[in-house]
Amino acid sequence: MKKIVLTGGGTAGHVTPNIALIPRLRESGYEIYYMGSYDGIEKRLIGDFDIPYYGIATGKFRRYFDPKNFTDPFRVIKGYREARKILKEIQPDIVFSKGGFVSVPVVRAADSLDIPCIIHESDMTPGLANKLCIPAAVKVCCNFPETLSMLPEGKAVLTGSPIRKELTQGNRISALDLCSFTANKPVVMVIGGSSGAASVNQAVRQALPKLLEDFQVVHLCGRDKMDNLLLKVEGYKQFEYLKNELKDIFAMADVVISRAGANAICELLALHKPNLLIPLPSSSSRGDQLLNARSFEAQGFSIVIDEDYLTENLLVEKVQELYCSRQVYIDNMKQCQQKDAIETIVSLIEETVR
């Protein structure tokens, strides 16, 4: 049986694309293993899939001063040694990496053992972890046409991001029942990522009285970010996090307000959901979400509001604009060439193993 090691973690966005590949890899006859951090989010998310999980030490590479910068390099070295030992035991045919700092020791260890690696870069510009992995990769998958010019010639492949098949199989009626919504009023879905987005949550709640005049609002606000004072507001439903019901909420949503994490917006693209993106500002990140959002805006997939200019009135105005023009955005997304990332990536894996 062919063997593959999947790696990636730190955030849900570095894990869910790997999860999306699992059913198709099993169909192709692969024995699947996962390598992540000892207790990261990836361990919890992979726990549902009956896949052997191996934890290794990991450290973060920071561009700013932090006392951990003096100790984390030793953790990375330890992780490299642990990954090398595990890979020797498993003897996989290939490693597929979705990124995050935990993937660096795994990919570099695989390279030292002549195990081929394919990596996936979600954002428009490669992050530091993937920059360290690119020299060891045989192929680098990406989501944005602009990324191709930033990657080594002969390695870059525009694949899009693997999307979990179940997200396309939602039931709108089930979501309406879950939220106690009516079927004759459009629904705005708000999602800020696995940890929520405080500024987006605040803006949506400030705009809620005006939004509820024309829409119903379902709000995935993040762990410990529920507003108990709004629990009984008609037409507004909050959830910290959804798992099995997420597909139904997507099916119900007419338009979506979201951060601009690469995997989140690729899900919106695959589901043809008109969206208003509020990217994480460069003051709080390396600016990747701003670039992601501008690319989607240029391709006609999204409306974008910079967080620095986010106000209650602007949010309401743009949501109404998006809803009125929603068919234009749906048509643009349907014309996108990145139709089946899972098949494209599995084909690359198969070709590499052969």
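How many nonpolar, polar and charged residues does the lining of the largest cavity have, by class? The lining has 3 nonpolar, 3 polar and 2 charged residues, where Ala, Val, Leu, Ile, Met, Phe, Trp, Tyr, Cys and Pro count as nonpolar, Asp, Glu, Lys and Arg as charged, and the others, Gly among them, as polar. Before going further, some ground rules: this is a predicted model, in which local features need pLDDT of at least 70 and side-chain atom pairs count only at pLDDT 80 or more, while totals for chains, interfaces and linings use all residues. Residues are numbered from 1 along each chain as its sequence is written, and side-chain values use heavy atoms, with hydrogens and water left out.

Searching the whole structure turns up 1 cavity of 30 Å³ or more. A cavity here is a set of points, on a 1 Å grid over the protein atoms alone, where a 1.4 Å probe fits but cannot get out; lining residues have an atom within 4 Å of a point. The largest cavity holds about 40 Å³ of space, the volume being what is filled by probe spheres set on the points, with grid points joined across faces, edges and corners. Around it sit Thr16, Pro17, Ser161, Pro162, Ile163, Arg164, Asn263 and Glu267. Helices H1 (16-27) and H9 (262-271) each contribute at least two residues to this lining; helices (H or I, at least four residues) and strands (E, at least two) are DSSP runs, numbered from the N terminus.

Turning to the sheet, 7 strands make an open, parallel arrangement in the order E3-E2-E1-E4-E5-E6-E7, two strands being paired if DSSP finds at least two bridges between them. E3 (53-56) and E7 (156-158) are the edge strands, each with a single partner, so one side of each has no neighbour in the sheet. On average, neighbouring strands are turned by 25° against each other, direction ignored; axes are lines fitted to C-alpha atoms, for helices over the stretch in contact, and angles run from 0 to 180 degrees between N-to-C directions. E2 (residues 30-37) pairs with E3 over 4 parallel bridges, and glycine 36 stands opposite glycine 55 in E3.

H1 lies across E1 (2-7), E2 and E4 (94-97), at about 160° to E2, contact meaning heavy atoms within 4.5 Å.

Aspartate 114, in the loop between H4 (103-112) and E5, has a positive phi of about 60° despite not being a glycine. Aspartate 224 also is not a glycine, yet has a positive phi of about 65°.

Note on methods
On a 1 Å grid over the protein atoms alone, a cavity is a set of points where a 1.4 Å probe fits but cannot get out, and a pocket is an open set with protein on both sides within 12 Å along at least five of seven lines; lining residues have an atom within 4 Å of a point.
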